[in-house]
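Me: I would like to learn how to read this structure. Could you take me through a few of its features?

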4 protein chains.
Amino acid sequence: MVVIMENNASDEQIELVKKQLEDFGFQIHESRGVQKTILGAIGVQPDFDTRKVSILDGVSDVYRVTNPYKLANRSFKEDDTIIKMKDVELGGNKIHIMAGPCSIESEDQIYRLAEVVAKSGMKILRGGAFKPRSSPYSFQGLGEEGLKLIRKAADEFGLLVITEVMQIDQIELIYKYTDIFQVGARNMQNFALIKELGNIDKPIMLKRGLSAQIEEWLMSAEYILYNGNKDVILCERGIRTFEKYTRNTFDLSAIPVVHKKSHLPIIADPSHATGYRDQVPPMARAAVAAGADGLMLEIHHDPANAKSDGPQALLPETYLKLVEELRIIAKAIGREL
Amino acid sequence: MVVIMENNASDEQIELVKKQLEDFGFQIHESRGVQKTILGAIGVQPDFDTRKVSILDGVSDVYRVTNPYKLANRSFKEDDTIIKMKDVELGGNKIHIMAGPCSIESEDQIYRLAEVVAKSGMKILRGGAFKPRSSPYSFQGLGEEGLKLIRKAADEFGLLVITEVMQIDQIELIYKYTDIFQVGARNMQNFALIKELGNIDKPIMLKRGLSAQIEEWLMSAEYILYNGNKDVILCERGIRTFEKYTRNTFDLSAIPVVHKKSHLPIIADPSHATGYRDQVPPMARAAVAAGADGLMLEIHHDPANAKSDGPQALLPETYLKLVEELRIIAKAIGREL
Amino acid sequence: MVVIMENNASDEQIELVKKQLEDFGFQIHESRGVQKTILGAIGVQPDFDTRKVSILDGVSDVYRVTNPYKLANRSFKEDDTIIKMKDVELGGNKIHIMAGPCSIESEDQIYRLAEVVAKSGMKILRGGAFKPRSSPYSFQGLGEEGLKLIRKAADEFGLLVITEVMQIDQIELIYKYTDIFQVGARNMQNFALIKELGNIDKPIMLKRGLSAQIEEWLMSAEYILYNGNKDVILCERGIRTFEKYTRNTFDLSAIPVVHKKSHLPIIADPSHATGYRDQVPPMARAAVAAGADGLMLEIHHDPANAKSDGPQALLPETYLKLVEELRIIAKAIGREL
Amino acid sequence: MVVIMENNASDEQIELVKKQLEDFGFQIHESRGVQKTILGAIGVQPDFDTRKVSILDGVSDVYRVTNPYKLANRSFKEDDTIIKMKDVELGGNKIHIMAGPCSIESEDQIYRLAEVVAKSGMKILRGGAFKPRSSPYSFQGLGEEGLKLIRKAADEFGLLVITEVMQIDQIELIYKYTDIFQVGARNMQNFALIKELGNIDKPIMLKRGLSAQIEEWLMSAEYILYNGNKDVILCERGIRTFEKYTRNTFDLSAIPVVHKKSHLPIIADPSHATGYRDQVPPMARAAVAAGADGLMLEIHHDPANAKSDGPQALLPETYLKLVEELRIIAKAIGREL
């Protein structure tokens with residue numbers, strides 16, 4: 001922590017701040033310039049509330065000089081985290097697509113979509129059985145019945161399953177059926193839930209909150225890592241901005257930033273980011289070009305009658321064509337898909 | 001729902017849209033102008049995803065014409081909701097202040113602060129036993145021990161207790177000690193939790209999410225009301241903006257807006273909104289002048305050593321002086337405090 | 001400026017950064033901890049782009065430790081700036097209201113509204129002759145004819161005039177008629193214009209930009225002060241947020257923050273902030289309670305037919321009643337209106 | 001415009017609203033449902049302030065059903081606007097890169113960078129002579145001397161010139177030297193300036209404002225088109241969000257959205273969007289993959305000593321390598337660069 005004193009801070013004020021910092025457990029380096037005195041407070045206290053110092057008399061500004069996350073930090077672990085699940089390695093050179101419907105709706109629906117995923121050469125089937133909905137009047141998912149259906153369809157085609165968990169008491173049930181737990185954007189700071197997921201031995205895909213800074217997102221990843229689960233996948237899904245012609249603003253610059261700040265893999269979800277099917281292909285292409293380690297894509301045979309988010313689902317044929325285009329872009333930047 | 005067709009939409013497109021709307025269960029009113037055809041789709045479907053129509057060929061724009069919330073809507077219940085707890089009526093002419101520490105830290109701490117609250121003539125003691133913290137390295141609260149301490153201190157001075165619930169499996173425990181359940185900003189859209197709180201027979205204070213629109217906030221209130229609990233208190237605590245000189249931006253215009261759109265009482269929390277103690281008194285005055293039904297204020301005898309949020313806590317003497325000033329402002333606008 | 005080196009920065013990297021800083025004209029204070037080396041770069045360069053250092057090898061973070069504004073800074077001038085115009089002192093204990101129509105529309109209109117302003121005991125008449133409109137199809141103002149009308153009406157009732165300037169070549173003309181130049185939110189960073197207004201010997205009221213941070217706003221004030229005009233009035237008029245039930249979000253916490261950071265007076269404009277007349281009185285009350293040095297209020301005899309912003313204009317009788325209420329609140333906080 | 005009446009609106013209220021709408025010059029279509037009455041107000045008034053109706057008694061909601069921009073609207077002109085300048089066609093299948101320094105600094109600097117641009121096969125040289133700076137203490141550009149230097153360097157290598165105009169009285173001067181006028185983000189709603197640029201017979205590149213919605217951006221384009229200049233190029237340069245690890249958030253979804261809503265070409269500026277040179281290549285790749293008609297890229301031989309924005313400038317060799325990569329991505333999506 002670096003503490004900048006006011007230009008006109010008195011010697012007494014400076015001494016009091018130094019004493020206070022020592023009481024907080026820091027060692028002090030003092031540097032007196034002509035105009036300003038700067039105090040370096042040395043000592044690792046990742047959760048220290050810097051406002052405690054900024055309100056002291058004579059203090060002008062306070063800066064935390066360590067990132068608040070450690071385990072998620074690339075300076076803590078230089079090599080990329082590669083998450084291994086059966087024949088899939090996520091976070092390496094190969095780009096993976098997780099595709100499937102927003103909600104699991106029926107045996108036929110998920111079976112047909114699993115077939116499409118397999119046909120595209122992809123390995124991970126997505127589908128929600130428990131749905132977080134902003135209205136109590138909306139479809140809330142098929143529950144365990146849905147979990148059974150997606151597991152069965154995935155097994156039929158040799159796919160992995162990713163599905164969303166919304167609350168702690170669903171973890172045990174979902175564990176029986178899924179390969180990857182998905183945490184939704186609105187639960188990114190549901191600390192009770194993510195803490196618990198730190199005790200699981202299956203990978204967690206953590207979506208970025210609607211208005212979350214990358215630092216806050218990495219702090220939530222830290223919760224999971226800290227509790228023992230090293231397999232965290234980050235997923236950029238769009239942030240809230242003033243723009244009204246898109247559902248969210250897809251923050252693709254998060255991809256190079258996360259790759260610089262952290263060793264964790266990051267995938268991108270253009271379906272939720274844009275909210276409209278015709279914007280999904282250009283944004284999927286852009287995400288691959290920007291360096292995403294994977295994509296999450298919603299597909300549906302009959303989007304007009306989908307129980308949720310139909311307007312952002314791609315038709316199977318559009319999806320299959322898109323995958324081919326993405327393969328060319330991946331190759332252009334030296335990766336494989 | 002109102003559907004605006006493109007200027008050059010063909011008759012066939014218009015007929016297909018009409019058919020689709022009927023399939024979705026709506027009745028149609030058609031209005032053909034020289035340039036535009038407008039379709040009114042009549043029928044109450046509060047959770048209908050309007051994007052299903054906006055992606056149809058020939059459709060220009062779609063507008064939902066009913067608010068998505070019903071039970072929280074003033075047009076559903078014209079009279080103000082007044083929440084009665086012992087000798088307190090929240091939502092009426094009298095303004096109530098909920099005061100106390102951010103975290104319950106010790107028997108002595110909470111006892112002394114309860115004494116201050118009682119001395120100010122206020123009736124509700126706040127204090128957290130389970131703390132949602134953005135870092136896994138931060139103080140997470142005293143748990144049940146804290147609940148016991150706040151209950152005892154409140155009883156000693158005849159006060160009501162408000163404390164925060166973070167997860168479903170804490171509800172039963174907290175129920176034994178509290179009078180009001182607080183839901184934090186980061187849990188405003190923890191739908192699993194708020195649904196469950198709809199089954200409780202004690203009031204719920206729902207804080208506005210960090211980037212939540214008022215409509216989304218009222219939708220979360222709707223979840224609680226829909227599940228049977230009619231006693232919901234809204235709490236404005238600042239929203240995230242680009243401003244960096246304050247912790248959050250205190251959105252006081254939410255007060256008249258909520259009073260217009262809903263019958264639920266709304267209180268304001270200038271401590272969390274501003275994050276710095278010297279900004280709390282002017283913002284507390286402004287909140288009362290803007291028509292808040294109550295305030296939530298953090299106080300502490302020794303803010304420099306508070307376990308959380310000390311920099312925004314008022315000293316007891318500042319708090320007592322502020323309450324006197326607020327009484328004059330309340331009177332100036334025809335209310336009592 | 002404080003430069004934090006990476007934990008694993010090499011001695012060579014540290015030496016190169018130090019050399020670079022010296023080349024940029026800074027003096028260096030070095031402080032080596034066990035984990036981290038911190039370099040203090042001493043020397044006043046208010047416009048230095050800190051990214052120049054942050055991209056150097058081995059650098060972790062860089063913090064500017066001086067505010068980029070000087071003349072607008074309270075640490076530069078401790079006493080409140082009080083702007084004197086005839087019998088008005090803005091920035092002192094007395095709160096002033098600038099009232100009038102959004103646009104000057106006719107001799108009769110501005111005369112009748114000037115009469116209302118005078119009747120309320122206020123001293124400053126507002127009205128636009130040149131209007132910044134987001135659509136080229138909207139009413140663009142009466143131009144010089146409007147300036148003549150507002151001057152005449154103001155003189156009739158002994159009032160001062162405030163009116164908006166949009167471009168440099170209007171300054172000379174407007175100077176002949178106005179007492180205060182208003183700079184609109186969309187021109188807050190029209191640097192060419194505000195630089196030129198620094199050469200004028202009449203006060204400038206600078207509205208906060210729609211998404212401006214307070215620091216950027218003070219930097220724009222700095223442009224005016226730097227060019228020689230010491231009489232700058234700041235005006236909070238709402239910032240853009242995600243909220244859709246209000247036109248803008250009225251950031252009242254800007255008032256205590258500006259009073260702390262700067263010596264310049266700050267007034268508040270609840271008409272533009274909220275956009276709807278029924279929200280203006282509660283927000284006007286809140287602004288006075290929060291410590292504003294003045295208010296800007298739009299009034300109109302026939303809002304339904306106003307040429308611009310009618311929906312946010314108060315009727316004269318509502319305005320007169322509001323002024324009385326504000327007097328009581330002003331008194332409650334020890335000020336006069 | 002569509003007007004939704006309150007559920008309990010009286011017949012009298014409905015009649016009054018209808019009368020008012022007729023007075024405003026609209027024709028009325030009425031549609032009475034069981035719960036709601038909906039009024040369609042027919043008539044083209046692009047600048048009508050819908051709040052005038054929303055404040056009438058009994059009115060619940062009002063929706064404008066026409067886009068406020070006409071000339072910029074794809075429904076007004078279906079074919080892509082292609083801007084022809086010498087041997088360049090911007091907006092067609094070929095993607096163009098505008099490259100050069102942030103500020104023109106010296107004859108040698110701009111000559112060497114023009115050489116790099118030519119070597120890359122690109123046709124447009126960028127460089128600022130008048131710089132909008134948020135601090136009055138920053139370098140403000142070389143002025144006419146800079147214009148002469150960039151023109152000479154461009155002519156030497158057969159390049160077109162793009163340079164920024166900040167105020168009306170610079171237009172005549174800049175006209176003598178430039179091929180394209182650039183309008184900066186902070187001037188997007190400087191209506192006086194953009195109106196004047198509508199009278200020029202050279203193309204205008206209009207950058208998106210820091211917090212502008214796409215609709216507002218197209219409205220500013222409308223100002224230029226409306227005044228007679230049909231050659232408008234849009235430039236996405238990042239919007240302000242809460243994220244602090246990037247300078248701005250590059251909104252790439254603006255590209256497919258603009259292509260859908262408008263016929264105008266859109267280019268992307270990853271240098272300003274990200275602010276850091278190491279993020280520029282991935283974001284440039286993503287912009288091409290997303291369908292941008294061109295890129296604006298900052299380059300510099302000696303970024304550490306650039307007079308402005310050095311940290312986001314690419315070194316010539318990085319730039320040349322990037323152009324090769326972009327050619328492959330362009331080809332992968334069926335375009336040429």
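**Reading the sheet and the chain contacts**

Reply: Gladly! In chain B, 4 strands make an open sheet with antiparallel pairing, in the order E2-E3-E1-E4. Strands pair if DSSP finds at least two bridges between them, and strands (E, at least two residues) and helices (H or I, at least four) are DSSP runs numbered from the N terminus. The model is predicted: local features need pLDDT of at least 70 and side-chain atom pairs count only at pLDDT 80 or more, while totals for chains, interfaces and linings use all residues. Residues are numbered from 1 along each chain as its sequence is written, and chains are lettered from A and ligands numbered from 1 in the order in which they are written.

Me: Which strands of chain B stand at the edges?

Reply: Those are strand E2 (27-32) and strand E4 (59-63) of chain B; each has a single partner strand, so one side of each has no neighbour in the sheet. On average, neighbouring strands of this sheet are turned by 20 degrees against each other, direction ignored.

Me: How many bridges join strand E1 and strand E3 of chain B?

Reply: Strand E1 (residues 2-5) of chain B pairs with strand E3 (residues 37-42) of chain B over 3 bridges, in the antiparallel sense. Look for B:Ile4, whose bridge partner in E3(B) is B:Ile38.

Me: Which helix lies across E1, E2, E3 and E4 of chain B?

Reply: Helix H1 (residues 11-23) of chain B does, running at about 10 degrees to E3(B). Axes are lines fitted to C-alpha atoms, for helices over the stretch in contact, and angles run from 0 to 180 degrees between N-to-C directions. Two residues are in contact if their C-beta atoms, placed from the backbone, lie within 7 Å.

Me: How many residues do chain C and chain B bring to their contact?

Reply: Chain C gives 32 residues and chain B gives 33 residues. On the side of chain C, helix H8 (254-261), helix H10 (280-290) and helix H11 (316-332) each supply at least two residues.
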